[in-house]
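Follow the chain from its ligand site to its sheet, then to a few backbone details. Keep the structure in view as you read.

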Amino acid sequence: MLTGLRPLPAEEVPLAEALGRVLAEPLTALTTLPPWDNTAMDGFAVRAADVADASPSHPVELRVIGEVAAGHAPTATVEPGTAIRILTGAMLPLGADAVVPVEDTDAQPGLADLPERVAVRFAVAVGESVRRAGSDIRAGDPLCPAGTLVRPATLALLAAAGHATVRAHRPPRVVVLATGDELAAPGTPLGPGQIPESNGPMLAAQARRLGAEVRTGPPAPDRLDAVLGALRGALVWADVVVASGGVSVGAHDVVRTAMESVARLDLWRVAVQPGKPLAFARATGEDGGGERLLFGLPGNPVSSFVTFELFVRPVLRALAGHARPVDRPQVRARLGAAVTKATGRRAYLRVTLRRDPRGDGMLEARLAGGQGSNVLSALAAADGLAIVPEGLAGLPAGAEVDVLPLDGG
Ligand code: AMP
Ligand code: MG
């Protein structure tokens, strides 16, 4: 699926809109941070040599000749025998080489008037409580490589290093299309044979969580012309179409046929459980431009969820520009009870995780409920998907498994 996929074009984005985007070029620091020596503490800027002999029983008295607060330039120089009151983040005045925290003096902390003298009760080393210019970042230093996901801390780093905008890839445009005659909008009274449409909200949320721009329409009925019309409409805008339902071998399963009419079918059916019927196709853009990807996910809600996580997620991440689209944190856990499965398909079991009660720091995985591909309650309760290899018919209690955690990324 990833073969030949290229990240979507880059655009200039203000930092405020960059969360969840992926950097299209490496960024370097435009400024040095801190830009100048400053204090890490509220206290007094001193010459360390002046207070070398200070102790609680023999404090050293210094004359206070001024103050410097954050956001202001110092107006005086610390001469031998003097100190300047200084507030966290303020520039270290000339002459000073250390800061004595206010707690190590006889001065009042907080909103006190500037004292004329201060008694220092402890010696300080040169550089103590001083944050040196450039100790965090130096102008020209590499900050983030291309392919970096912009997270809240990335935003802070980029802002601190002088960037107001970044070049980031355009996020993928995704149309989510539910199909099935039985589907009614959530919350509406159900007619005979109807069920609430739940894949649409789920798949849209899964795509949004990956930073995609998502549109959803009304569910399409199980008719070829209706599904075809919906796919054609979606392809006008979308980079990726995620349809669900109607992709199996039932008499009314028209999605795969519709996909074949607008795209080249690359793949149908995967050896995973849940999620066997899955169709994947590529269409060339109307303008001859970038490829459009079409997924026909199985209709059963858990199958839809799992196949999105396994197959749609890497494709969206590749389009979004991630350096390693398939990467995903996995944790190791021990099964709390035996599990069984069909051989020949890799199983993704919905499990809850907790610290193993035997106290060795391992996690223990237990089935979160029924493993039928329709059982949403167990999916919503699950902390992760435990992977059982295709060759096995099950695993005994205590066996170790890899688990894809479901919270976060
Ligand atoms: P299908 O893949 O169309 O054969 O559907 C398999 C099962 O999933 C059926 O029980 C459908 O009713 C159900 N299903 C299909 N699409 C949805 C949906 N959007 N929301 C909830 N259930 C669905
Ligand atoms: Mg159906």
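Predicted model: local features only at pLDDT ≥ 70, side-chain atom pairs only at ≥ 80, totals over all residues.

A backbone N or O atom of Gly-299 lies 3.0 Å from an oxygen atom of ligand 1. Polar contacts here are pairs of N or O atoms within 3.5 Å; within protein, one atom must be able to donate a hydrogen and the other to accept it, and residues adjacent in sequence count only if both atoms are side-chain atoms.

Residues are numbered from 1 along each chain as its sequence is written, chains are lettered from A and ligands numbered from 1 in the order in which they are written, and side-chain values use heavy atoms, with hydrogens and water left out.

Which residues come nearest to ligand 1? Of the 14 around it, they are Glu-182, Glu-197, Ser-198, Gly-246 and Gly-299 (near means a heavy atom within 4 Å). The shell divides into five nonpolar, seven polar and two charged residues. Ala, Val, Leu, Ile, Met, Phe, Trp, Tyr, Cys and Pro count as nonpolar, Asp, Glu, Lys and Arg as charged, and the others, Gly among them, as polar.

Now the sheet. Six strands form an open sheet with mixed pairing, in the order β15-β12-β16-β20-β19-β17. Strands (E, at least two residues) and helices (H or I, at least four) are DSSP runs, numbered from the N terminus; two strands pair if DSSP finds at least two bridges between them. β15 (213-216) and β17 (264-268) stand at the edges with a single partner strand each, so one side of each lacks a neighbour in the sheet. β17 pairs with β19 (residues 279-284) in the antiparallel sense, over four bridges. Trp-268 has Ala-279 of β19 as its bridge partner.

Finally, the backbone. The peptide bond from Leu-33 to Pro-34 is cis, with omega near -15°. Pro-34 is in the loop between β2 (27-28) and β3 (38-39). Gln-273 and Pro-274 are also joined by a cis peptide bond, with omega about 0°.
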